[in-house]
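This report examines the aromatic rings of the structure shown below and the charged groups placed over them.

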Amino acid sequence: MTEDNGKVVEMFDLAALLDLQQKPEPFMPGEPLFWNDPHISTQMLNAHLDSNSDLASRRPETIDAIVSWIVAEAGLVPGAAVLDLGCGPGLYATRLAQHGMAVTGVDYSRRSIDYARQAAQSAGLAITYRYENYLDIADENQYDLVMLIYGDFCPLSPEQRQKLLGNIRRALRPGGQFVLDVTTRTLRKKYGVTNHWYAVESGFWRPGPHLVLETGFDYPEESIYLDQPIVIEPDGKQAVYRNWFQDFDPDSLCRELTDNGFEVKGLWGDLLGTPWQSDSDWVGVVAAVRPGLLG
């Protein structure tokens with residue numbers, strides 16, 4: 001702090017800012033559980049529900065098409081038990097329930113789960129929603145299909161992905177299937193490396209005035225990318241948020257699934273059934289547990 005005409009003026013911690021400009025080790029965490037912050041979680045929910053943006057969730061017409069494709073490709077029939085991991089406000093779960101599925105949604109945002117429960121009740125849909133970290137689920141032999149949609153696999157470290165795949169393996173019934181999609185380096189290159197700042201009176205990260213220093217770090221040899229916003233408030237308080245992305249190609253994704261007890265039944269350029277091409281932005285996969293490895 002310094003004194004300026006009798007007023008206390010907070011100073012930036014420049015040393016800390018300089019340190020944060022150094023490339024961190026892959027998957028080093030930032031602020032914990034920020035998606036439950038009262039302001040940020042509201043902004044996230046609004047982004048999920050924005051029908052004109054693909055920022056947090058895909059547009060409604062795309063979700064409609066993806067759900068219809070999954071139901072057909074996985075051969076789901078009414079009454080099939082589906083687990084939607086990272087379900088957010090229930091956009092996929094709602095549609096699956098409307099197709100007659102018995103749906104359970106799991107998410108680690110209280111605000112999203114609260115919204116999803118209220119929406120299901122209003123629509124008369126019997127969907128089970130759980131506020132829970134899907135890295136900690138302990139369901140056993142319960143589901144015909146487990147879904148992890150819109151790149152939710154990508155922010156996880158290798159250790160977290162291994163744990164999650166074990167959870168999914170255990171949760172599936174014999175003959176059950178796992179559906180996921182992941183980003184590729186082609187998509188990442190379209191965005192480029194972020195390096196900018198902006199100041200706002202109110203925005204995504206804070207309800208009041210704040211400065212955002214956003215830096216991107218690329219790890220091309222590991223197909224990893226970090227988006228790192230540093231948020232600075234008027235009193236000089238700093239918070240660093242780290243959004244990690246592990247990108248894949250068909251070989252690396254299939255290898256990881258195989259190493260963790262799955263066999264890939266089909267692979268596409270998305271979860272609409274678009275054929276995979278070398279310049280696809282996404283990889284979509286339907287997999288099953290290798291025989292004898294359930295649980």
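## Charges over rings

Lys23 lies over the face of Tyr219, with 4.4 Å to the ring centre. A second case is Arg161, whose charged end sits over the ring of Phe153 at 5.8 Å from its centre. A charge counts as sitting over a ring if NZ of Lys or CZ of Arg is within 6 Å of the ring centre and within 35 degrees of the ring normal.

## Basis of the model

This is a predicted model, in which local features need pLDDT of at least 70 and side-chain atom pairs count only at pLDDT 80 or more, while totals for chains, interfaces and linings use all residues. Residues are numbered from 1 along each chain as its sequence is written, and side-chain values use heavy atoms, without hydrogens and water.

## Aromatic pairs

The whole structure contains 13 aromatic pairs (rings of Phe, Tyr and Trp, the last by its six-membered ring, with centres within 6.5 Å; stacked under 30 degrees between planes, edge-to-face over 60, tilted for the rest). Trp69 and Trp268 are edge-to-face, because their ring centres are 4.8 Å apart and their planes stand at 85°. This pair links distant parts of the chain, 199 residues apart: Trp69 belongs to helix α3 (residues 60–73) and Trp268 to strand β13 (residues 262–268). Both Trp69 and Trp268 are buried (under 20% relative accessible area; exposed is over 50% and partly exposed in between, with a 1.4 Å probe and protein chains only).

Phe204 and Trp205 also form an edge-to-face pair, 4.8 Å centre to centre with 85° between the planes. Phe204 is partly exposed at 28% relative accessible area, whereas Trp205 is buried at 8%.

## Aromatic cluster

One aromatic cluster is formed by Phe34, Trp35, Tyr108, Tyr131, Phe204, Trp205 and Tyr241.

How values were computed
Helices (H or I, at least four residues) and strands (E, at least two) are DSSP runs, numbered from the N terminus.
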